[in-house]
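Open the model in your viewer and keep the selection tool at hand. We will go stop by stop.

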Amino acid sequence: MLSSKASSNCHGQDSLYFLGWQVYEKNPFHEVENPTGIIQMGLAENQLSFDLVESWLRKNPDVMGLKNKDGESVFRDLALFQDYHGMPAFKNELVEYMAKIRGNKVKFDPNNLVLAAGATSANETLIFCLADPGDAILLPTPSYAGFDRDLKWRTGVEIVPIHCSSSNGFRISMFALEEAYERAQKLNLKVKGVLITNPSNPLGTTMTKDELQSLITFAIDKDIHLISDEVFSGTVFDSPCFISIMEAAMDSNLKRNTDVLSRIHIVYSLSKDLGLPGFRVGMIYSNNQTVVSAATKMSSFGLVSSQTQYLLSYMLANKKFTSNYMKRNQKRLKKRKEMLVSGLKKSGINCLKSNAGLFCWVDMRHLLCSNTFEAETDLWKKILCEVGLNISPGSSFHCSQPGWFRVCFANMNQSTLQVALRRITNFVERSSFNYQQNMGSLSRKLISNWVRKLSSADREEQER
Amino acid sequence: MGLLSRRATCNTHGQDSSYFLGWQEYKKNPYNEVNNPNGIIQMGLAENQLCLDLLEPWLMKNPDALGLKRDGISIFKELALFQDYNGFPAFKRALVDFMGEIRGNKVSFDPNHVVLTAGATSANETLMFCLADQGDAFLLPTPYYPGFDRDLRWRTGVEIVPIHCTSSNGFKVTLPAIEQAYRQAQKRKLRVKGVLITNPSNPLGTTMARDELYLLINFIEDKQIHLISDEIYAGTVFTSPSFVSVMEVLKGRNLDQTQVWERVHIVYSLSKDLGLPGFRVGAIYSNDPVVVSAAIKMSSFGLVSSQTQYLLSAMLFDKKFTKEYMSENHKRLQKQQKDLVSGLEKAGIRCLDSNAGLFCWVDMRHLLKSNTFEAEMELWQKIVYHVKINISPGSSCHCIEPGWFRVCFANMLESTLKLAIQRLKSFVSSIAMKSQSHQELKSLRRKARNNWVSRLSLQSFYDREQDTTTEVSFSYRPHFMSLSNIAATLDAAA
């Protein structure tokens, strides 16, 4: 009756990532009204710098009121503006902002920018442009849980994971890349590209120039595309500084290969650094004119509201505001991350060393009762239901090693984070006490068994 | 260089059609009363620009709506973070009330059955993804909105099989036409998943009668398929007969708790009646919870900006305003349509009788050189490039009869409409003059031929001598040929 897409679960929303949200929504923490509720640490949102944006809005009421610099209403023009090329003023500001985030080491052309209703739409549209149903995209794991829906569901494209492990800080090795490619071929899947998230979600780390250039070389060698989802590029709060795929591609060695730029595509959005996910502002950047042309037409299915384009073009045009915002936002993210990392450390929990993102990649392998995903799910359930924290288990990010969790820190205030850390401390203490008790009784059992054996051996000796 | 997808490199986006090419020509030379009075007048864009002046005062009286405040307090943060694909509850409530009002409150809608999308473009595509697989088909009455070729087919891989409607009955949908389309789909080995109608119709500007809707409901019941009713023009019905939604018909026949109830889905948008295409507000309404559930998840790919949801929830919540707006909107649409229809009539051009929409379906068959689509294209090119009016040829709407054009009237001032009508009148007169002189030439030649023939006959009757003189000066030299050949040659030279 319905399509296979509507009746399947390829939307991927039966994963624990989304189930945790549902449980949270039934009992959400509130400092005053529901202090024992579940604290949401599974949502990668930036709520730390709204005051900066709100202050700008208060100083610029005309922009919200859809008036221009001369105080005249532009409502009519905006109401009718549905050009899928996007508002030129907005795109001009976006490319400058994107360049700023990259330390102005790369320059972007607004004609190569395609607006989309969020990075969700941008990623799906890019896949529609680059791959046919049954083709495959290689994706390093662990990777954002939403990709199962965004890249595969309606496109019919397959994802083949590039397995990364803690042995080298989850970095993409050439070996893992080649292995994934071969696996795809064995499955008779035509690989059309590699998609990386840089800075990484869920790791919170940025890629080095070498890593990026190895990926580019791989893409050239296999004649495939390289998509760099850089939605978190504005959240790099510590060294090493962010290196965009574009910057890596500008390297003279690679530039010799003239079509290298036409196989590299960037996805960006204002949801993460500016903290505006509700406004649905995403984009694709590509030097490939066919991709830009096709993606622009496809953006009809998810245009950005002109009301929103207008507001944000003014905001980004204020260079003093954007510089100040970036600096202060990054400081706050760094401070909050350090608070989480040190708090967890006190409970004997380590995090992967990170310099970006709105979350930490947390190592709870030692809290598992066995090195299995069942044990990870058990631990996740305990933390959700007994401890009251919604964190995201590594399995929902297709991590190949059990015991890792993504824990978000930027979507709450300081006191809430402190509550969360206290709860974890208590939980860990309780667990280790139980563990000791359990271990204690086990040791006692072993000892008594041993003692019994020893005694019976003695008796035998005596009897002989 | 890695190959791109088939979707990126094919032209199923449909944007090589004359519908879009006309727009491109207009953009190169757009008419402006002051700056470019000889430019091309855009009559190929179905937008409602007649009532934006009513919205602006409302915005001034309600600054909190744009200022993202509630009772004077900023809720910017709440909205900036709001990305719930279930949509802003207040907005959905206000939207369903508005939809009910448009339908004379003869149906009421449940906000839990609404899925918000970035425009009807997104809504239609999403519904296709939910109801059909690649290679399946939907039946669509022709003529239909040219954008459907992209919206329903491009990325979904679904096929459109046309239900051909003709001027013989005012382009209404008939049972033989539907059945013929169904058989055609079967011949092409396509599994038909449903029928999609646009009601009120684009490009016809007519609303469907109850018996047409009964026909469709019976058909989908019989074949156990879906019915999508794209009702985006529901708020533009400016004169009788009043709008009858498919939901009203279902309720009236007590079909609201049956299986067919769950197979009827509505698409709506605020782009046409409220004239807000830039804000990207569309909606799917379905009684099938599985469809609603899947569509909601898919709406992640095209959510409505929370800034816009908040603004419009406040506007639609003001029932006094929406009532006044709709009443004034209908008045202005009716006037503008009347102006176009009567203006064209004076030029000897008739329109299909219409009661809705932002356009007229105009009969220019008599202006075609021949009853062919080539002739239609030729006429269209003349109108775009020489008369300087962008109108949409029927072929771009998949009409099977050449000579029909969609002409929009709601996206311009009265003065611009007058000018457009003037230009068309001049054009038609010039054709008429050319045609008249051709006719005169033709009749003169006929006279000459007849004279000559009678003379020949007379002479032959008397002594069969050839007469090489003629009374009309053209280069044809009569040879001794059969009469029919001569006549044919004369006609061809005309």
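How much area do chain B and chain A bury between them? About 6,400 Å², with 59% of it on carbon and sulfur atoms. Buried area is the accessible area (1.4 Å probe) that two parts lose on being put together, summed over both.

Before moving on, know the ground rules. This is a predicted model, in which local features need pLDDT of at least 70, side-chain atom pairs count only at pLDDT 80 or more, and totals for chains, interfaces and linings use all residues. Residues are numbered from 1 along each chain as its sequence is written, chains are lettered from A and ligands numbered from 1 in the order in which they are written, and side-chain values use heavy atoms, leaving out hydrogens and water.

**Stop 1: between the chains**

Select chain B and chain A together. Here 70 residues of chain B are in contact with 71 residues of chain A. Contact means heavy atoms within 4.5 Å. The count of residue pairs in polar contact between these chains is 24, with both residues at pLDDT 80 or more. A polar contact is a pair of N or O atoms within 3.5 Å; within protein, one must be able to donate a hydrogen and the other to accept it, and residues adjacent in sequence count only if both atoms are side-chain atoms.

Now highlight helix α7 of chain B. α7(B) gives the most to the side of chain B that touches chain A, with seven residues. Helices (H or I, at least four residues) and strands (E, at least two) are DSSP runs, numbered from the N terminus. Colour that side of chain B by class: 32 residues are nonpolar, 23 polar and 15 charged. Ala, Val, Leu, Ile, Met, Phe, Trp, Tyr, Cys and Pro count as nonpolar, Asp, Glu, Lys and Arg as charged, and the others, Gly among them, as polar.

Next, look for salt bridges. A salt bridge is a side-chain nitrogen of Lys or Arg within 4 Å of a carboxyl oxygen of Asp or Glu. Two of them cross the interface of chain B and chain A. Show D132(A) and R6(B): their side chains meet in a salt bridge, 3.8 Å from N to O. Then show E124(A), R154(A), E125(B) and R155(B), which are linked in a network of salt bridges.

**Stop 2: the two domains of chain A**

Colour domain 1 (4-49 + 328-429) and domain 2 (51-322) of chain A. These bounds come from an automatic or database domain assignment. The C-alpha centres of the two domains lie 25 Å apart. Between them, about 3,300 Å² is buried, and carbon and sulfur atoms give 57% of that.

Which residue does D51(A) meet in a salt bridge? It is R332(A), at 2.8 Å from N to O. R332(A) sits in helix α15 of chain A and D51(A) in helix α3 (residues 50-59), 281 residues apart. R332(A) is partly exposed at 24% relative accessible area, and D51(A) is partly exposed at 39%. Buried means under 20% relative accessible area, exposed over 50%, and partly exposed in between (1.4 Å probe, protein chains only).

**Stop 3: inside chain A**

Select D135(A) and K192(A). They form a salt bridge, with the closest N and O atoms 3.9 Å apart. D135(A) lies in the loop between α7 and β3 of chain A and K192(A) in strand β5, so the pair ties together parts that are 57 residues apart in sequence. D135(A) is buried, and so is K192(A).

Now go to H225(A), in strand β6 (residues 225-229) of chain A. Is H225(A) buried or exposed? At 1% relative accessibility, H225(A) counts as buried. Its side chain makes a polar contact with the side chain of H265(A), at 2.9 Å.

**Stop 4: the two domains of chain B**

Bring chain B back. Colour domain 1 (6-51 + 323-430) and domain 2 (69-318). Their C-alpha centres lie 25 Å apart. About 3,400 Å² is buried between these domains, with 60% from carbon and sulfur atoms. The count of salt bridges between them is zero.

End on D53(B) and R332(B). Their side chains meet in a salt bridge, 2.8 Å from N to O. D53(B) lies in helix α3 of chain B and R332(B) in helix α14, so the pair ties together parts that are 279 residues apart in sequence.
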